Amino acid sequence: IMAQTKSRLLGNNCIFFLTISSMMHMALADGKTLVLLDNLNIRDTHSIFFRSLADRGFDLSFKTADDPSLSLIKYGQFLYDHLIIFSPSVEDFGGNINVETITSFIDGGGNVLVAAGSDIGDPLRELGSECGIEFDEEKTAVIDHHHYDVSDPGEHTLIVADPENLLKAPTIVGNPSDKPILFKGVGMVADPDNPLVLDILTGSSTSYSYFPDRPISQYPHAVGKNTLLIAGLQARNNARVVFSGSLYFFSDAFFNSAVQKATPGSQRYAQTGNMELAEALSQWVFKEAGVLRVGAVTHHPVGESTPPAAYTITDLVEYSVVIEKLSKGSWVPFDGKDIQLEFVRIDPFVRTYLKKNGDKYSVQFKLPDVYGVFQFKVDYNRLGYTHLYSSTQVSVRPLQHTQYDRFIPSAFPYYASVFSMMGGLFVFSIVFLHMKEKEKSD
Amino acid sequence: MILKCYFIVIYLGNNTLCVFCLVLLTAALGAQALTPSHHLSLSDVERLKGLLSQPFTDLASAYYSIVGLSKLFTSIITTMFTDVFYCTACCLIKSLFFIFVDSLFFAAEASQAIADCEVSISNETRDILLAAVSEDSTVTQIFRAVSALSSLGLPLASQEVVAALVARIAKEDNVLAITTALQTATRLSQQAELGGILEEIEDLAARLDDLGGVYLQFEEGLEATALFVTAAYTLSDHADTEPPLKEDQVIQLVNSVFSKKSWDSRSEAFSVACAAAALSSNRFHVPVIVSTQGPATVSHSQPILHLVVTDILSNPLASANLLVESAQAVASKSVVLSQAPFSLRDGIFELNFMASQPASGYYQFTVAVTGDSRLVANQVELKVKVSTEVAVTNMDLSVVDKDQSIGTKTSRVDYPFKAKGSFTADSHQNFAMNFQLVDANTGVELTPHQTFVRFHNQKTGQEVVFVAEPDSKNLYKFELDTAERKSEFDSMSGTYVLHLIVGDATLENPILWNVADVVLKFLDEEAPAAIQSKTLYMPKPDIQHLFREPEKKPPTVVSNTFTALVLSPFLLLLILWFKLGANISNFSLSPSSVLFHVGHACMLGLMYVYWTHLNMFQTLKYLAIIGSLTFLAGNRMLAQKAVKRYGQSSTLTFFTRSTCEN
């Protein structure tokens with residue numbers, strides 16, 4: 001008995017430790033972040049941004065970008081979940097970090113936040129091109145002679161970006177506000193062949209990107225609304241990358257400063273919208289916002305509760321799926337109005353909107369009159385959300401021979417002839433067997 | 001790189017040029033390193049004050065707040081504190097029962113900073129403090145005990161303290177401990193031998209990390225750096241020896257201490273306040289901040305350049321004099337002004353730069369601040385902008401035929417009006433635009449940085465921007481070849497709004513002028529390619545499955561007719577039988593015959609059920625049951641019939657017997 005109790009105690013302990021460790025794992029899961037800086041002073045000049053990250057549970061480790069001990073991958077495992085590159089001028093990363101490892105980090109699902117500046121070095125430009133974003137050359141800046149701040153030091157590069165130029169996606173840029181955004185840095189353009197690049201913040205029509213101290217001798221890299229100030233990317237594996245052309249954008253000075261366009265009569269705002277935007281962007285890029293997952297998927301014929309081995313064509317079927325969203329670290333039911341279900345055999349045969357029904361999304365529909373192997377597919381790809389994909393395979397068979405119509409009006413002559421023959425046989429057999437012939441009896 | 005260029009210049013040029021270049025380059029290089037890029041602006045001081053004035057509950061916070069504030073505002077300390085603040089502070093200090101060196105230190109220091117709040121202590125507490133000054137206590141303990149003693153006006157043996165400190169430093173060899181030792185030394189008598197401790201300043205300075213030549217800081221963080229600056233200057237003042245810090249180092253220290261504008265804790269804010277106080281009032285190095293009031297811009301409407309000369313805390317330096325050593329145009333390198341003094345008015349230095357009639361552009365000012373030997377970074381390079389206003393003149397718009405450029409109609413448009421009517425250009429025509437940009441003040445032709453022509457399709461939101469370039473006479477000619485440029489417009493014909501955008505950093509009035517509406521017609525219009533990114537995140541169109549149409553059936557009249565026809569033989573049979581006199585008079589209600597006919601009917605009925613409901617195996621099962629019963633019943637019935645019909649016929653004896661046996 002003693003031994004049994006002991007082992008049970010041990011078992012309990014084991015379970016306890018397992019729960020503890022799994023909880024710890026959960027807590028650390030969105031934590032480890034490597035921050036690469038040009039110099040450690042940036043930690044002080046951008047302290048509000050870093051503090052907000054630390055307050056939200058990120059485990060930040062600050063390194064200078066040329067630190068020889070840097071490494072992102074060890075024994076095939078990523079050492080960090082997220083990467084912040086606040087080192088615009090870096091010419092060569094230290095340790096075994098280079099553009100290739102950062103790209104494979106993104107390919108492996110890691111999230112990256114990059115801030116550049118007019119002193120942008122080659123590695124960041126290369127990283128940008130890998131992600132479909134072309135940075136302008138070193139020493140260039142986004143210039144806007146019509147929308148610059150009153151405190152601009154003289155080159156009209158301290159730009160006031162209107163919040164109207166933000167991407168219309170609250171999961172990425174936060175709730176709309178009217179506070180303008182201060183920006184000073186290098187411009188980008190999106191690769192037109194890359195459909196995944198998101199124009200998070202664009203310049204105004206009058207902005208352009210060029211060397212501020214040289215006359216324009218060739219067509220500028222970015223002009224007008226094509227000038228990207230902040231760009232983002234959600235890769236097909238849901239890894240997220242945000243490029244900001246300006247490191248100052250995240251600085252304490254820009255977070256706290258007042259902003260007013262230099263054109264006479266423009267409104268003065270006591271604070272820029274930088275802090276809110278930076279916070280929303282960091283929540284998005286580090287997967288605190290806009291993350292969806294699929295829960296239980298059920299499907300069955302209407303009126304039943306379990307799915308059959310195979311559906312028959314033209315069955316009335318009910319499909320339901322649970323979709324959840326990450327909100328402040330916990331999963332809550334997602335509230336979407338445009339979730340579509342497809343019933344697919346190579347091509348979709350049916351595509352219909354799912355309706356929210358309690359915690360589930362469900363729909364009833366009639367299966368097509370085509371048999372084969374089908375999939376119930378929910379492929380929800382919306383701006384700012386992770387790509388949600390769920391597919392459930394079912395087979396649909398044709399009618400059994402007993403399930404067809406027994407009596408077709410056109411075939412009534414056949415039925416009638418058969419039944420008259422059968423009736424005739426019956427009557428004839430009675431008459432034949434039991435007739436009394438009169439002559440004989442006479 | 002910079003050094004290399006430097007030497008090449010020296011060896012290439014002749015002697016005089018060489019010296020000139022050398023001076024220029026050193027000035028330029030020096031300027032980069034020599035100007036503090038961070039200081040506490042008035043709003044920063046306000047925020048620092050706000051952080052330190054937050055209510056406190058413990059003694060350490062009270063110390064940080066009160067002493068920190070007193071450092072920031074030496075003169076106005078009593079008016080600074082509100083009554084409530086003062087009262088809580090003093091009550092807190094007096095309410096505590098002191099047996100620890102730390103709380104004694106906090107209370108003594110804080111009470112010294114506030115008037116009328118004296119702490120009286122007993123002899124035992126004094127002994128506690130004196131006992132703390134020994135080699136066995138940590139440097140922090142020694143510092144706190146010594147400070148408390150000196151604040152309370154109690155005597156202490158300076159030489160012993162020095163000995164204890166030297167012994168402790170040898171054990172605790174870290175930046176914070178040594179900085180604390182330096183701070184302790186400032187509380188000691190000037191007669192004590194402070195030389196050994198003074199040397200530590202130089203040793204610590206050697207431990208500072210240089211970050212890119214701009215920042216100089218300890219890796220222990222901002223607080224350590226700030227406290228070191230405070231201690232170094234307070235001790236140097238105390239011992240009256242110049243601190244062993246070079247000018248560059250001072251500026252780099254200033255940059256790293258004041259670059260952080262948002263302080264994490266009260267103690268960090270306190271250390272920054274102390275460093276600011278030490279750097280703005282010491283006897284050796286006072287860094288100067290020269291900044292323009294508003295943007296560094298002069299123009300015809302605002303010809304006067306306003307400069308403010310302050311210390312780190314943005315307090316104006318009244319004793320300073322300001323002199324322009326030289327003002328040089330950045331583009332042409334020609335010197336416009338040299339050795340011109342600024343005049344002081346209401347604490348602001350003023351210079352009418354437009355008096356020397358500079359052309360618009362940037363000017364590099366070298367400004368010297370004199371009047372005090374303590375000033376550090378008193379050679380300042382400033383970039384001053386001379387801005388002007390632009391006017392667009394001679395704006396001509398025309399549509400030119402490619403084949404024959406004669407007979408085109410040119411229309412003149414005046415800023416800021418829009419051309420009447422719209423211009424239409426098809427693929428055989430060019431749209432042309434000529435204009436001139438002149439300085440509105442002097443009439444000189446200008447070539448601003450940004451001279452863009454923007455076509456905006458209001459229907460699709462598409463915008464196409466071209467750069468207008470000036471010819472050799474500074475006349476801007478913009479020509480749009482409709483056929484050649486169709487790819488840039490995605491071959492979308494339609495009305496485009498034409499804007500002229502003129503802007504330059506030296507222009508006060510950037511121009512965004514809606515000049516005209518232009519209708520562009522492209523020859524082979526392609527359907528606009530659906531851009532994938534726009535549809536990638538949109539819901540897809542609904543698909544309803546189209547069910548197969550049921551096959552068309554022949555009319556039921558035909559089948560009904562034939563049904564009737566098929567049924568007619570049966571009726572005929574019945575009629576004929578009736579006529580012939582068919583009957584079933586021989587039917588006897590014997591069980592076998594009833595059973596046989598019922599069984600027969602059931603078999604026929606089973607055939608129907610087989611057709612509608614059953615499968616073959618079920619049918620066979622039922623058929624076997626019904627069939628065998630019917631067979632037996634039929635056999636008996638036939639036997640009975642045979643007996644009845646043939647009476648005692650001998651040929652059938654056997655048959656009868658066998659049936660009977662059954």
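Residues 288–386 of chain B have end C-alpha atoms 25 Å apart, and this span is 0% helix and 58% strand, where helices (H or I, at least four residues) and strands (E, at least two) are DSSP runs numbered from the N terminus. UniProt, in an unreviewed entry, annotates these residues as "domain: Ribophorin II second"; UniProt positions are given here in the numbering of this model, feature names are shortened, and annotations may be inferred rather than shown by experiment. The model is a predicted one, in which local features need pLDDT of at least 70 and side-chain atom pairs count only at pLDDT 80 or more, while totals for chains, interfaces and linings use all residues. Residues are numbered from 1 along each chain as its sequence is written, chains are lettered from A and ligands numbered from 1 in the order in which they are written, and side-chain values use heavy atoms, with hydrogens and water left out.

Chain B contains an open sheet of 4 strands in the order β4-β6-β10-β9, with antiparallel pairing, two strands being counted as a pair if DSSP finds at least two bridges between them. Its edge strands are β4 (289–292) and β9 (343–345) of chain B, each of which pairs on one side only. Neighbouring strands of this sheet are turned by 35 degrees against each other on average, direction ignored; the axes behind this value are lines fitted to C-alpha atoms, for helices over the stretch in contact, and angles run from 0 to 180 degrees between N-to-C directions.

Val465(B) and Ile501(B) are 36 residues apart in sequence, and their C-alpha atoms are 9.7 Å apart in space.

The UniProt entry, which is unreviewed, assigns "domain: Ribophorin II C-terminal" to residues 547–645 of chain B. This span is 78% helix and 0% strand, with end C-alpha atoms 67 Å apart. The feature "transmembrane region" is placed by UniProt (unreviewed entry) at residues 562–582, 594–613 and 619–638 of chain B. Residues 594–613 of chain B are 95% helix and 0% strand, with 27 Å between the end C-alpha atoms, and residues 619–638 of chain B are 100% helix and 0% strand, with end C-alpha atoms 27 Å apart.

Turning to chain A, UniProt (unreviewed entry) lists "domain: OST48 N-terminal" at residues 32–285, a span of 21% helix and 27% strand whose end C-alpha atoms lie 14 Å apart. The feature "domain: OST48 middle" is placed by UniProt, again in an unreviewed entry, at residues 299–436 of chain A; this stretch is 17% helix and 46% strand, and its end C-alpha atoms are 69 Å apart.

An open sheet of chain A has 5 strands in the order β20-β28-β27-β23-β24, and its pairing is mixed. At the edges stand β20 (311–312) and β24 (347–353) of chain A, each with a single partner strand, so one side of each has no neighbour in the sheet. β20(A) runs parallel to strand β28 (residues 388–397) of chain A, paired over 2 bridges, and Thr312(A) stands opposite Arg397(A) in β28(A). Strand β27 (residues 372–380) of chain A pairs with β28(A) in the antiparallel sense over 9 bridges, with Gln375(A) and Gln393(A) as bridge partners. In a regular strand the side chains alternate between the two faces of the sheet. In β28(A), the covered face holds Leu388(A), Ser390(A), Thr392(A), Val394(A) and Val396(A), and the uncovered face holds Tyr389(A), Ser391(A), Gln393(A), Ser395(A) and Arg397(A).

Note on methods. Buried < 20%, exposed > 50% of the residue type's maximum accessible area, 1.4 Å probe, protein only.
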